[in-house]
Amino acid sequence: MTEHLTVVDHPLVQHKLTLMREKDTSTASFRRLLREISLLLAYEVTRGLELTTKSIETPLEPMEAPILDGKKLALISILRAGNGLLDGILELIPAARVGFVGLYRDPETLKPVQYYCKVPAELEDRLTIVVDPMLATGNSSVAAIDLLKEKGAKNIRFLCLLAAPEGVARMKEAHPDVPIVTASVDKYLNDHGYIVPGLGDAGDRMFGTK
């Protein structure tokens, strides 16, 4: 991928996103929609994966058929909300290696605080896709990618459901080599660091917490 920012404007993505934005959408429906939209977004974020060929036998004749090349890709979920995207993508790419980075946003400073990190080995040889539904201030995403680069990751992509212009700018400043794939870039961040119009707190809506 060469574009720093890709907004997936597919009609099904936009339709499902609208349903997720509605404040009266139930927890069960929100969770189901997030899983469905993650599958659609995964098609875009995995575009351009390297291929090789292998010899196979079809029922009619032998052929050289395309197949993914290199080590299994790594999916890294920024806890906890990232797991909502992760589950759907794993349905599409069940052989992917999975890691987790635990970060929470300090409500006063809006800065990320790390509390957990467990990632696959040999990140330097894997495409690494970082998933988090919301790219708001960008601080947590930048911190997670800083950490992954320290652990050897070189080919990184970031997948989110919604982004704020402030978060996109922050990511481009800190990690211009990391493409962003999202369903929407919304208007702005409010004083509490929430994306507007957004959809509220993705983790709370997915898990039914406040």
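## Pocket, annotated sites and sheet

Arg105 lies in strand β5. The model described here is a predicted one, and in it Arg105 counts as partly exposed, at 30% relative accessibility. Together with Asp132, Met134, Ser140 and Asp201, Arg105 is among the residues nearest the centre of the largest pocket, whose lining is made up of 28 residues. The space in this pocket comes to about 670 Å³. Two or more lining residues are given by each of the elements β4, β5, β8 (134-135), α4 (139-150) and α6.

In an unreviewed entry, UniProt applies the annotation "binding site" to Arg80, Arg105, Asp132, Pro133, Met134, Leu135, Ala136, Thr137, Gly138, Asn139, Ser140 and Asp201. Of these residues, the pocket lining includes Arg80, Arg105, Asp132, Met134, Leu135, Ala136, Thr137, Gly138, Asn139, Ser140 and Asp201. UniProt, again in an unreviewed entry, also lists Ile195, Gly200, Asp201 and Ala202 under "binding site", and the lining of the largest pocket includes Ile195, Gly200, Asp201 and Ala202.

Some of these residues can be followed further. Gly200 is placed in the loop between β14 (195-196) and α6 (202-207), and the loop between β14 and α6 is also where Asp201 is found. Ala202, by contrast, belongs to helix α6. When neighbours within four places in sequence are left aside, Gly200 is in contact with Met134 and Tyr194, while Asp201, with residues up to four places away not counted, touches Arg80 and Tyr194. Ala202, on that basis, touches Phe30, Pro133 and Met134.

Elsewhere, Thr46 sits in the loop between α2 (27-45) and β2 (51-57), where, not counting residues up to four places away in sequence, Thr46 touches Ile93, Ile129 and Arg157. The table lists the accessibility of several residues.

| Residue | Relative accessible area | Class |
|---|---|---|
| Gly200 | 36% | partly exposed |
| Arg105 | 30% | partly exposed |
| Asp201 | 29% | partly exposed |
| Thr46 | 14% | buried |
| Ala202 | 4% | buried |

Ala202, at 4%, is classed as buried because buried means a relative accessible area under 20%.

Strand β5, in which Arg105 lies, is also part of an open sheet of 7 strands, with mixed pairing and the order β1-β11-β9-β7-β4-β5-β6. Why are β1 and β6 each left with one side that has no neighbour in the sheet? Both β1 (5-7) and β6 (112-118) stand at the edges and have a single partner strand each, so one side of each remains without a neighbour there. On average, and with direction ignored, neighbouring strands of this sheet are turned by 20 degrees against each other.

Within the sheet, strand β5 (residues 97-105) pairs with β6 in the antiparallel sense over 6 bridges, and Val101 stands opposite Cys117 in β6. Helix α3 (residues 82-92) packs on the sheet, where helix α3 touches β4 (74-79), β5, β7 (127-131) and β9 (155-159), and the direction of helix α3 makes about 155 degrees with that of β4.

Note on methods
Residues numbered from 1 in each chain as written. Predicted model: local features only at pLDDT ≥ 70, side-chain atom pairs only at ≥ 80, totals over all residues. Heavy atoms only, no water. Pairing = 2+ DSSP bridges. Helix = DSSP H or I, 4+ residues; strand = E, 2+ residues; numbered from the N terminus. Axes fitted to C-alpha atoms, helices over the stretch in contact; angles between N-to-C directions. Contact = heavy atoms within 4.5 Å. UniProt positions renumbered as here; feature names shortened; annotations may be inferred. 1 Å grid on protein atoms, 1.4 Å probe; cavity = no way out; pocket = protein on both sides within 12 Å on 5 of 7 lines; lining within 4 Å. Buried < 20%, exposed > 50% of the residue type's maximum accessible area, 1.4 Å probe, protein only. Points joined across faces, edges and corners; volume = space filled by probe spheres on them.
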